[in-house]
Amino acid sequence: MDNQSRHIVIAGAGHAGGSVAAMLRQLGWREAITLIGEEPIPPYQRPPLSKAWLTGQATAESLALKPVQFYSGAAIDLRMSCRVVSINRAEKTVALSDNETLAYDYLILAMGARARRLPLPGTDLAGVLELRSAADADRLKAALNPGSRLAVIGGGYIGLEAAASARALGAAATIIERESRVLARVAGPILSNFFQSFHHARGVAIEVDAQVAGLEGTGGRIVGVRLVDGRLIPCETALVGVGAVANDEIAREAGLSCETTDQGGGIVVDLASRTDDMAIFAIGDCTRRPLPLYARMGRLESVPNALEQAKQAASLICGKSSPLPEVPWFWSDQYDLRLQIAGLPFDAVDIAVRGNLDAAKFALFHLTADGNVQAVEAVNAPTEFMGGRRIIARRKRLTRAVIEDMSVSMQELAA
Ligand code: FAD
């Protein structure tokens, strides 16, 4: 594509938006870039918000994607505390919350996702929090002190990480999960049981099969979470961590294809992060994208996905060859555990266990009926994670016996 005298507007200055702006410059885009973000701070990393930032082991500078001077130095017009409110595709313009209208040649939508709200009484009480932004994390951090009680509604990764951080700060934590095990949506039962026991041993109370009826308060402040079976889990703070919903409204209103079922939405894109309008790309948590290894579409809420799609969009706009599709991956830190996940366990019927669960150093390989490795969940096992990614990318077939045989090295397995 010719890149003379053109203007790229990026809506959303998060991990994907900040990264694509930098990549466009790296790949040779010399014309105007405007990066518009509704938060009052430059693009930053969210993963530490439930981990090192909560426990006080990360500084504000270490959260930033780039030092603030980077944007002016790279001639990226970063507008903070400003929203893109609508898109006019016919005119190729966007309207901003400060009433300005900007013309674009390419528009990159990178609006991320927001925490899913619970349609229950009491969610407006003081002390009921969510965890998506740095401002949310500051509120949660202020509430976690020795002796304080945190109820976490939702046993997903963010909930488990927040509970681990609460324990590190001396607060009591109870996880309330509707399903029969934590991580039910995202991991297999062996991993769920492992994390459940690990948290339990560190003083986290876990209520599974527990349906929340509502949040109860006194004088406008939460005092506890009421379960459908009548029990009250007393707390001063409740963190609602029940998933995320794509911020796709402006795309939807502009007539771009978006997921319509109740699966968190998402702007539909192809493997170059193009929407169905050739001038508009979408990247990061706000998208529903092809998962070529698994022959389906899906939403990936992860930093590696945000970076992969940023690279796809920047490469196409700058006339570079498309990057090869990557194996999706994700990580989570809880206590001294580093979990790394490669792939997605679609259609898996068996799990091979490599390593030692009791020593908290193992990897779980999810296998299809014909021996394809679909996903690898590795706890404190980086070699298995790296080898697993290669195996998944190559569609290599393995038997459970050979994976579990520790006398066969990971290098041999992945070769
Ligand atoms: P975001 O980073 O959410 O950025 C979107 C930005 O767009 C936001 O600043 C939003 O305010 C802004 N915006 C929205 N609408 C508009 C608009 N109309 N106009 C202007 N601006 C707008 N991933 C991992 O891989 N590993 C982890 O361990 C991990 N831990 C996480 C922990 C927490 C607490 C959270 C919240 C996320 C975590 N993630 C993790 C997920 C990861 O942070 C996201 O996948 C990543 O931030 C996605 O980047 P994004 O740019 O798509 O969205």
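Biologist: Let's start with D136: buried or exposed?

Modeller: Quick ground rules: this is a predicted model, where local features need pLDDT of at least 70, side-chain atom pairs count only at pLDDT 80 or more, and totals for chains, interfaces and linings use all residues. Residues are numbered from 1 along each chain as its sequence is written, and side-chain values use heavy atoms, with hydrogens and water left out. Buried means under 20% relative accessible area, exposed over 50% and partly exposed in between (1.4 Å probe, protein chains only). D136 has a relative accessible area of 7%, so D136 is buried.

Biologist: Which residue forms a salt bridge with D136?

Modeller: A salt bridge here is a side-chain nitrogen of Lys or Arg within 4 Å of a carboxyl oxygen of Asp or Glu. Look 3 residues along helix α4 (residues 134–143), about one turn of the helix. An α-helix has 3.6 residues a turn, so residues three or four places apart point the same way. With the closest N and O atoms 2.9 Å apart, the partner of D136 is R139.

Biologist: How many residues apart in sequence are the parts that D277 and R89 tie together?

Modeller: Their side chains meet in a salt bridge at 2.9 Å, N to O. D277 sits in the loop between β18 (267–268) and β19 (280–282), while R89 sits in the loop between β4 (84–88) and β5 (93–96), so the separation comes to 188 residues.

Biologist: How many salt bridges does a search of the whole structure find?

Modeller: Some are linked in a network, as with D77, R79 and E100. Searching the whole structure, the count is 27.

Biologist: Switching to helix α6, how far apart are its end C-alpha atoms?

Modeller: Helices (H or I, at least four residues) and strands (E, at least two) are DSSP runs, numbered from the N terminus. The expected span is 1.5 Å times one less than the number of residues. For the 13 residues of α6 (residues 189–201) that gives 18 Å, which agrees with the distance in the model, 18 Å.

Biologist: Which residue just after α6 takes a positive phi?

Modeller: Within α6 itself, the buried residues include L191, F194 and F198. Just past the helix, the residue with a phi of about 90 degrees is G203.
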